[in-house]
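Let's take a walk through this fold together. Have the sequence and the model open side by side as you read.

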Amino acid sequence: MKNLVVLTGLSGAGKSTALGLLEDMGFYCIDNLPVKIIDQILPIISINIESLALVIDSRSGDIDDIVSVIENMKAKYPVKVIFLNAKDEVLINRFAHTRRNHPLLKEETSLEKAILEERKLFIKILELSDIVVDTSNLNPHQLRERLVGILTSVKKKFRLRILSFGFKYGVPLDVDFIFDVRFFPNPFYVVGLRQKSGKDKEVKNFLYNTQGVKEFLDLIKKVVDFAIQRYENEGRTELSVGIGCTGGQHRSVFFAEELFKFYNENCKVILEHRDVK
């Protein structure tokens, strides 16, 4: 196991948002696992999982057991412990907004007392933490950006999926962007090109010499570059782009192939031609 992150902290401080980010970054995430079995399952999990994130908080068990488990992990694995904290008034407002119950809230206990009790219990865990993030003034987007900066060293290489398709066979539902190239002349109606595809030299030459093709290809690259940068800022590691023409054989295939050549050196690119016969 190359990457192990323990995500902990006060209830309401943003662990759910952070957990979603870790999943987007390719971590196998386990939430609210009883701490007494962590030592037993980690050796098994570490064999097949490269990046693992464990959420450990007041739901997980006795505080002394939690401290012991974290200390054991630090002794055996390259673990990074991230503690999310926030001011009392902020936590109160968040619980009021979400209408969720604090895990330590009892009928005879107020929310303020439950937060104070958890804060006292977690002093030892706070001392064991490698990174403490105060989320009081962070919205979910800002929290994700902060955590991306913290976890940059374990961030996976960005993956770009490029899919060519024909609109006549249906629009793909599993892409983030769709670029329509049907406004360029269709090689299907050019003598000698009908049976070929956008991967063939003759079709490529035809489209290279078509006015506006190079300019539109550059525009697509600018949009994709911008999207990749923003996706990475959000902690996401994959972008899917669809290129569509009428039948998915000539124009869309050509554009997809050109994008593949352009991006293949800088990120992991998956190229699919859905409708080429």
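What follows starts at the sheet and then moves out to the helices.

A quick word on ground rules: this is a predicted model, where local features need pLDDT of at least 70, side-chain atom pairs count only at pLDDT 80 or more, and totals for chains, interfaces and linings use all residues. Residues are numbered from 1 along each chain as its sequence is written, and side-chain values use heavy atoms, with hydrogens and water left out.

Strands here are DSSP E runs of at least two residues, helices are H or I runs of at least four, and both are numbered from the N terminus; two strands pair if DSSP finds at least two bridges between them.

Now zoom in on strand 3 (residues 51-55). Strand 1 (residues 3-9) pairs with strand 3 in the parallel sense over 5 bridges, and V5 has A53 as its bridge partner there. Strand 2 (residues 28-31) also runs parallel to strand 3, joined to it by 4 bridges, with I30 standing opposite L54. How buried is strand 3? 5 of its 5 residues are buried, so strand 3 is largely enclosed by the rest of the structure. Buried means under 20% relative accessible area, exposed means over 50%, and partly exposed is in between (1.4 Å probe, protein chains only). Both faces are covered, with S51, A53 and V55 buried on one side and L52 and L54 buried on the other.

Most residues other than glycine have a negative phi. N32 is not a glycine, yet its phi is positive, at about 60°. N32 is partly exposed, with a relative accessible area of 32%.

On to the helices. Axes are lines fitted to C-alpha atoms, for helices over the stretch in contact, and angles run from 0 to 180 degrees between N-to-C directions.

Next, helix 2 (residues 38-48) and helix 3 (residues 63-76) have axes that come within 11 Å and cross at roughly 30°. That makes helix 2 and helix 3 roughly parallel (angles under 35 degrees; over 145 is roughly antiparallel, 65 to 115 roughly perpendicular and the rest oblique). I38, D39 and L42 of helix 2 meet V69, N72 and M73 of helix 3, contact meaning heavy atoms within 4.5 Å.

For a contrasting pair, find helix 8 (residues 201-208) and helix 10 (residues 251-263), which pack at about 90° with axes 10 Å apart. Helix 8 and helix 10 are therefore roughly perpendicular to each other. K204, L207 and Y208 of helix 8 make the contact with R251, F254, E258 and K261 of helix 10.
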